[in-house]
Amino acid sequence: MHPIYRLLDPFLIWFYRLTGHTLADFLIGTLVLAFLALIIGEVTISLAFLVTKKRIDQVTAEADRYQNLSMEALKAGDKQAYKAANKLANDAFGKSFFMQIALSAAFLWPVFFALIWMEYRFSGLEFPLPFTNYSLGYVGVFILLYAASYLLFKRVKYKLPYFRRIKAILDTCTNQKFHQSLKLRETNNGT
Amino acid sequence: MRKKSLLIIGLLATLAVVATLVLALPADAGKLEEAIAKTPQGVGKGMIDPSAPKGFMGIPGAPKSFFLFYILWGAWVGWIFSSVGAFGGIMAGVGHITVFGLADYGRTFKDTNPTLNKLLTDSIRVCNQYLVALSALISSVTYYRMGRLVLPLGLCLAGGGIAGAYLIPVLTAGKITLRAYIGYFGLVVFAVAYVLFYETTAKGQEKRKAARAASKAFEEAHIKKKAAPAEAAKPAAVASGVRVTHWGLTKIAFTFYGVEFSFNPLWPVLGGFVIAAISAFIGVGGGFLYVPFLTSVAGLPMFIVAGTSALAVLVSMITSIFTFMFVKSVPVDFILIGTELVGIAIGSVLGPMTSKYIPEVWLKRLFVVLAVYVGIGYVTKGFLGYSVMPGM
């Protein structure tokens, strides 16, 4: 076991010894681990978002702009403008998409470190599926509980002060840009 | 419409999962241990020294780089993703194959234990594929949020995608030598190099300039004159404008904003199959390729294509996850992937910071040079047995 995991092991394994009932303990311990991985991921991605928000907004705004333009061109029956705007929307969307892939790493990295520890501890564990030759290992249980944690956490996320504060900062940046662009349109329209 | 879409997605996903569980062979969790046990022991080429420190996949004596190198390489990949885009996946593959020495290590077992050679090939493919999985996850979330769906198109894509994502691993897992895999990877790198190169040429840039000019002209003529600020700030209408008017084996038609679009269902089925097959075989590509395929080949509006692709991507992602969870045919090195993800996250933050100082066209030119170098190196290594490029 890696020295860092040897340090963390007593704390993590404590959650797997709460009730004395093997299956329940495994599920509780894995659920706690999944939650920890989720929270750490949420914190790191929120920090990454704060740093990159301006660029994300730029590429997203470009994709939205050309997408809406292509629809207006479609409604107006202008095929050339539609093709042009559609192509640019495609390019802008691609940029935005790859940025999101890179940023998603900031959310998901703790999952793999959790799985590394579980591999040390539970690599031989299998839960046979009834009436089949298949079984669910520690990875499968972790994925299911991580998904459940994500859905649960979504409901309470913005009740936590840290995430509420981050949301307020991100919303403020978005609103500032929105009002700036609104002001620009007013100036252009001479109103 | 949304409830109907959810029901169909659920049915397709269930079908895909059942097919995976029924048709795929259950994996032997000790496949890697078995392969290691059958390898001759010793310190020579193609041998395993049981007393050596464990490296890649926990194999004694396998390459193991200092964790910081994984993070640094991941940062390079993340930087590319957030600066230019597509080439990041290729670089992740180059890291696994060449930089960390995994391919050369795997090749040593070609004669002493071909099973281990092929198992290592599959492991390297899976390491490449986690980025495809990320792409699929992002596609599903992002596209589905857009909520604009052309159901028959989504079904065709999903059908082709499932077939490709399922057939390729079943047909190739344990059968592809590392050398062959490197050769095919090199071919894909050449294809990416061509696309990047075209975008940097005068013709490629002229097309983009013309598209911008046409869009700007239309915008000035139609939008700015008629739209009040409040109207202009409203988001565009959602997919209630999509109406399927004709279902057929050779033609499916729908209207959107009064304009009729039609497509031959064979194209999205084939396209879905090919894209999923490439993703499954090579470990690059994935959900993001559906959108340019449908907008370029079928000429469909990105407005609805992006949302429709979610159906195909979501279903194939569920299939892959279930395959990974229950079939478990290939072991995965979590340490390698976890540390790379840390690096990718760092790179994703650096990319936007540096993009204002480096023009995109020069970045693309740099990557074209890299891609040609890597492509030639891998194609020659794969199909000739040796690389003509140093270091590959």
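1. The largest nonpolar core contains 146 residues, and those with the most contacts inside it are Phe87(B) and Ala371(B). Such a core is a set of buried Ala, Val, Leu, Ile, Met, Phe, Trp, Tyr and Cys residues joined through C-beta atoms within 7 Å. Helix α3 (residues 79-122) of chain A supplies the largest share of this core, 25 residues.

2. This is a predicted model: local features need pLDDT of at least 70, side-chain atom pairs count only at pLDDT 80 or more, and totals for chains, interfaces and linings use all residues. Residues are numbered from 1 along each chain as its sequence is written, while chains are lettered from A and ligands numbered from 1 in the order in which they are written.

3. Leaving aside neighbours within four places in sequence, Phe87(B) is in contact (C-beta atoms, placed from the backbone, within 7 Å) with Ile80(B), Val192(B), Leu196(B), Phe367(B) and Ala371(B).

4. Thr98(B) lies in helix α4 (residues 87-99) of chain B; helices are DSSP runs of H or I, at least four residues, and strands are runs of E, at least two, numbered from the N terminus. Not counting residues up to four places away in sequence, Thr98(B) touches Ala103(B) and Met392(B). The C-alpha atoms of Thr98(B) and Met392(B) are separated by 6.3 Å, although these residues are 294 residues apart along the chain.

5. Chain B has an open sheet of 3 strands in the order β1-β2-β3, with antiparallel pairing; pairing requires at least two DSSP bridges between two strands. Its edge strands, β1 (242-246) and β3 (259-263), each pair on one side only.

Notes:
Buried ≥ 20, exposed ≤ 12 C-beta atoms within 10 Å, placed from the backbone. Contact = placed C-beta atoms within 7 Å.
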